[in-house]
Amino acid sequence: MARRLRNALLVAVALLWLLPTYLVVVNAFTAADEYVGPRWWFTSFALAENISTAFATADIGQAMWNTFLYSAGSALIAVVVAALASFAVVIMPVRRPVLWFWLIYAGTLLPLQVFLSPLFNAYAATSLYDTQYGMVLIYSALAVPFAFFVVRNYLTTAPKEMREAAQLDGAGWFTMFLRIHLPLARGAMVAAFLFQFLATWNDLLFGITLSTSPNVRPLMAALAELNGQYSGLGPPVILAAGLVASIPTVVLFLSFQRFFVNALRLTP
Amino acid sequence: MVAVNNRATPWAARSWAAVFIAPAVALVGALLVLPFLFTVYRSFFSDDGLSRSWVGLDNYATLVTDESFLRSLLNTGIWTVGTLLLPVLLGLLIAVATNSSGWGRFTRFAVVLPYALSGSVTAILWNFMLQTDGGVNAILGLLGLSALEQPWLLEWPTNTFAMILATTWQATGANMILFLVGLQAIPTETIEAGRLDGAGGFRLLREVILPQLKPISIVVIGISLVGSLKTFDIVWLLTRGGPGTASETLALTMYRQTFTLSRYGYGAAVAVVLTVIVLAASWIYLRRQLRSDD
């Protein structure tokens with residue numbers, strides 16, 4: 001009896017959670033000019049038209065491409081930079097490794113708002129404002145601390161004998177890094193890459209602060225504009241754009257759930 | 001340090017280390033640490049972006065008497081309490097209930113799916129749901145609960161509560177996963193022993209399972225706490241902090257003061273207050289992290 005009650009409750013919770021998603025999908029399929037209020041069932045199949053309206057009005061396609069460049073580029077840069085730094089702090093004989101650790105890690109503890117206005121001024125002064133280079137640069141910097149944390153934690157578990165064996169072979173630091181520790185930390189680096197890819201993909205704050213033109217603006221900033229300035233297009237168009245914007249993250253998340261669970265446990 | 005390399009001196013090794021660590025330090029230093037220090041510095045000035053004059057602690061003194069800042073502080077507090085009560089508690093309950101149940105997989109999938117959406121997409125989706133002629137009111141009408149229909153986003157504090165519910169929908173999945181990780185780490189013998197002692201249902205939960213979940217709970221609470229203090233995307237997209245500035249959180253107040261009103265010094269002071277609160281809250285999590293580092 002108790003078991004049956006629990007199962008019924010679980011199904012109710014699941015349906016409650018799926019209800020908004022269901023409504024969004026149904027209404028994203030509704031033709032924009034037929035929309036008079038939330039639909040409960042598919043009455044028209046205008047998803048493609050809605051998407052193309054959104055793409056034409058707020059340049060969602062360009063924004064998606066921008067965001068893909070920023071997410072992939074900055075996650076890659078951050079992971080490589082973080083791996084180099086982790087190698088230095090954990091394996092090489094640096095003085096005050098704890099100081100260096102905190103200097104790099106501190107970036108994840110501070111709220112993002114604290115970086116915004118100086119970055120805005122500095123970007124305006126150095127003509128990095130509203131450029132793709134500028135966006136990759138800031139997203140890379142934002143991604144380094146957490147990637148560093150993940151890779152460093154992983155490298156501290158590397159057996160010391162590996163380093164000593166490599167040194168006996170006369171390998172230089174760079175060879176050692178490339179041949180031994182880089183392959184060793186591959187799993188941690190993939191996890192950090194995926195996590196930072198998603199974090200950048202989902203960013204709104206830096207997108208609306210450091211960019212403005214459609215050629216540079218990332219996806220979430222374009223969606224925000226669609227939701228604000230172009231709300232007259234009606235819910236079907238906006239919801240269709242939201243669905244398209246979520247496909248990459250949902251696919252990534254569902255295919256790599258295990259990695260996210262591991263990375264999640266380490267987020268500050 | 002032991003003999004480092006049969007060819008290199010320790011000095012050479014150290015300069016190599018500098019080469020390895022330089023890119024990370026340069027990126028973080030130039031784009032995060034320096035801006036942070038500059039924000040702290042700027043909070044002691046009256047600064048409209050064109051001219052700057054030293055005012056000492058005046059910005060902070062003004063904050064204490066600024067109605068809209070105090071409201072924003074209150075809203076941030078409501079968000080913190082709300083996200084600790086709802087997503088954390090629901091995450092725990094759903095994790096415990098689905099851990100050993102056939103229907104559990106279905107429920108887990110439904111709850112975790114929104115976690116893959118960004119804050120902005122969540123906001124767009126709930127903007128549709130919470131409009132006066134939107135999804136939630138339509139559902140209420142369909143259920144014959146028209147009396148409960150209302151303009152969810154237009155009045156404070158209703159809009160803050162509605163936005164916390166939207167966040168709950170998105171964030172519960174992550175907490176649930178973490179609690180499941182914790183649950184699966186509990187040895188089966190511990191639970192069996194509890195059962196043999198006659199504990200069942202809620203007593204088993206309270207006396208056997210919850211104490212075992214303490215370490216993971218600290219992580220979940222730490223993450224939720226810090227995340228809720230930084231709430232921005234969903235409020236920015238759903239109400240822009242409105243009506244007026246009634247539903248602003250600290251992150252929005254900072255943004256508006258700085259970029260809408262060009263009060264750079266005052267905005268910086270808000271950012272510093274937010275930082276102090278976030279660091280204090282992170283302490284819960286950090287203390288544990290540091291201990292496990294030793």
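This is a predicted model: local features need pLDDT of at least 70, side-chain atom pairs count only at pLDDT 80 or more; totals for chains, interfaces and linings use all residues.
Figure 1. A residue is called buried if 20 or more other C-beta atoms lie within 10 Å of its own, exposed if 12 or fewer, and partly exposed in between, with C-beta atoms placed from the backbone. Helices (H or I, at least four residues) and strands (E, at least two) are DSSP runs, numbered from the N terminus.

**Figure 2. Zooming in on A:V151.** Leaving out residues up to four places away in sequence, A:V151 touches A:A82, A:A83, A:S86, A:A185, A:A188, A:M189 and A:A192. Two residues count as in contact if their C-beta atoms, placed from the backbone, lie within 7 Å.

Figure 3. Chain A is split into domain 1 (2-45) and domain 2 (62-264), with bounds that come from an automatic or database domain assignment. Taken over C-alpha atoms, the centres of these two domains are 34 Å apart. At the meeting point, 7 residues of domain 1 are in contact with 8 residues of domain 2. The domain 1 side of that contact has 5 nonpolar, 2 polar and no charged residues. For this sorting, Ala, Val, Leu, Ile, Met, Phe, Trp, Tyr, Cys and Pro are nonpolar, Asp, Glu, Lys and Arg are charged, and the others, Gly among them, are polar.

**Figure 4. Chain B up against chain A.** Here 76 residues of chain B are in contact with 73 residues of chain A. On the chain B side, helix α1 (residues 10-42) gives the most, with 19 residues. That side divides into 54 nonpolar, 17 polar and 5 charged residues. As for scores, the model has ipTM 0.87 and pTM 0.88.

Figure 5. Most residues other than glycine have a negative phi, and most peptide bonds are trans. In chain B, though, the peptide bond from B:W156 to B:P157 is cis, with omega near 5°, and B:P157 sits in the loop between α6 (135-142) and α7 (158-184). A:S127 has a positive phi, near 50°, in the loop between α5 (113-125) and α6 (132-155) of chain A. A:S127 counts as exposed because it has 10 C-beta neighbours inside 10 Å. B:R240 also has a positive phi, near 55°, and its place is the loop between α11 (233-238) and α12 (250-260) of chain B. With 16 other C-beta atoms within 10 Å, B:R240 is partly exposed.

Figure 6. Over residues 1-7 of chain B, pLDDT stays under 50; pLDDT is the predictor's confidence in each residue, from 0 to 100. Chain B as a whole has a mean pLDDT of 86, and 93% of its residues reach 70 or more.

**Notes for all views.** Residues are numbered from 1 along each chain as its sequence is written, while chains are lettered from A and ligands numbered from 1 in the order in which they are written. Local features need pLDDT of at least 70 and side-chain atom pairs count only at pLDDT 80 or more, whereas totals for chains, interfaces and linings use all residues.
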